[in-house]
Amino acid sequence: MASSSFQPLQGMSDISAPDVAIWQMIEERAREIFARYRFQEIRTPILEKTKLFTHSLGDTTDVVTKEMYSLEDRGGRKLSLRPEGTAGAVRCIASGAEETVNARVYYMGPMFRCERPQAGRKRQFHQIGVEAAGAPNPRADAEVIALQLHLLSAWGLDGAKIRLNTIGLPEDRAAVLEGLREAIRPRLSELPEDAQQRFETNVLRLLDSKDEAVKKLIADAPPVIEFMSADSRAYLETVVETLKSLKIDVEIDPTLVRGLDYYVHTVWEVVHGGLGAQNALSGGGRYRIQIGNKTIDGVGFAMGVERMIAALEANGITAEQFAPKPAIFIVSLGEEALKENMLLAQILRQRGIACEMELTNRKVKAQMKRANKTGAQQVIIRGDTELEKGIFVLKNMEEGTQREVELPELMELL
Ligand code: AMP
């Protein structure tokens, strides 16, 4: 992309009209749904101590090691732009600024990851997410998944699928790693070199590898849940049963592991066919995060707004359908009429009617052209002559008809 002085940074975008209309629709409907589930908005700083992210997300994860925008401020403090919303929200919950034990919060805003820009991957992108704090409870996980689906349908999205898995508890981890290694070891030589290295350093990551040889081997290996404790397996079963009783279908995907270290028990992803290679709309899961001397348990998800918009567009839902149009456009002819029409516009706006007007004395043709472009349903034309006669010309743009009216009738019509 040309580095013109008018362009934002690579991987970042300006969002303005008409596109912004779909963003506003998404945010408005989300607020409405969140209110029904009694989640409150939380707005945390975009810049935080780097340590917050390295400690909570895990200091070997890709997001933390390769993708954070980090800087030192004038006092030599190490800071980072937030790459995700959970760490900040949980920090705030742990601070006691929100009701700590069972806080139910949502956030909307920009996140930053210095990734290689490509379709579906931006460096500044936006997430809408929720966090429900509280001790592990499979029904809480199911409720949050139900909320997520409710949002998708409020936005009008069809065809999204949920893939669900469990990664168990930290106590399960040793058995899972060992079980997986044992299953893979006899055929390790079939794998490419980097996968063999992964086998040593982070065998779980082999589960969601894109490499064909690895995929084949994983398909033959037992699902990780078989290595977990009976309690962890029962937890997943209750999540699935609860969802079933809420008439929500999920697909259990034993290869789903999410990239961050803080997850326990349930993890899930929402995918959509209209998105191409980067098909994840959202990621979610239950977590246990240590902040200072506190441990916060919770469950949450974050949806990518840019990807949500792409999925909606694939469903034929576009910004155009939500673009606000003025009800009225006012055309003035002559200085005196212009002055009086500004007063008229003020009265209309105070009465809750959206109107726009031309503030110069341009030719009527140019003014009408602009009126047409705004999509106004009606145009009021008042020149000095009409002013003298005490009338208004009211033009219905859809029907192309016009007639003269006096003030009381005009007010009634509008
Ligand atoms: P994550 O925090 O990585 O689980 O991401 C949650 C969701 O945010 C993903 O499912 C995407 O929809 C979105 N997302 C993550 N990274 C990016 C990115 N670089 N550009 C656009 N959307 C992203």
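Student: What distance separates a nitrogen atom of the ligand from an N or O atom in the side chain of Glu115?

Tutor: This is a predicted model, in which local features need pLDDT of at least 70 and side-chain atom pairs count only at pLDDT 80 or more, while totals for chains, interfaces and linings use all residues. Residues are numbered from 1 along each chain as its sequence is written, and side-chain values use heavy atoms, with hydrogens and water left out. A polar contact is a pair of N or O atoms within 3.5 Å, and within protein one must be able to donate a hydrogen and the other to accept it, with residues adjacent in sequence counting only if both atoms are side-chain atoms. For the ligand nitrogen and the Glu115 side chain, the distance is 2.5 Å.

Student: What share of the ligand's own accessible area does the protein cover?

Tutor: An oxygen atom of the ligand lies 2.8 Å from an N or O atom in the Arg113 side chain, and an oxygen atom of the ligand is 3.1 Å from a polar backbone atom of Ser282. On its own, the ligand has 480 Å² of accessible area (Shrake-Rupley method, 1.4 Å probe), and the share of this that the protein covers is 90%.

Student: Which strand gives the most residues to the shell around the ligand?

Tutor: The ligand is surrounded by 15 residues, a residue being near if one of its heavy atoms lies within 4 Å. At least two shell residues come from each of β6 (124–133), β10 (280–291) and β11 (294–304), where strands are DSSP runs (E, at least two residues) numbered from the N terminus. With four residues, the element that gives the most is β10.

Student: Is Arg286 buried or exposed?

Tutor: Arg286 lies in strand β10, and its side chain makes a polar contact with the side chain of Tyr235 at 2.8 Å, as well as reaching the backbone oxygen of Gly134 at 3.4 Å. Buried means under 20% relative accessible area, exposed over 50% and partly exposed in between, with a 1.4 Å probe and protein chains only. Because its relative accessibility is 1%, Arg286 counts as buried.

Student: What distance separates the centres of domain 1 and domain 2?

Tutor: Domain 1 (8–169 + 228–320) and domain 2 (325–413) divide the protein chain, with bounds that come from an automatic or database domain assignment. Taken over C-alpha atoms, the separation of the two centres is 47 Å.
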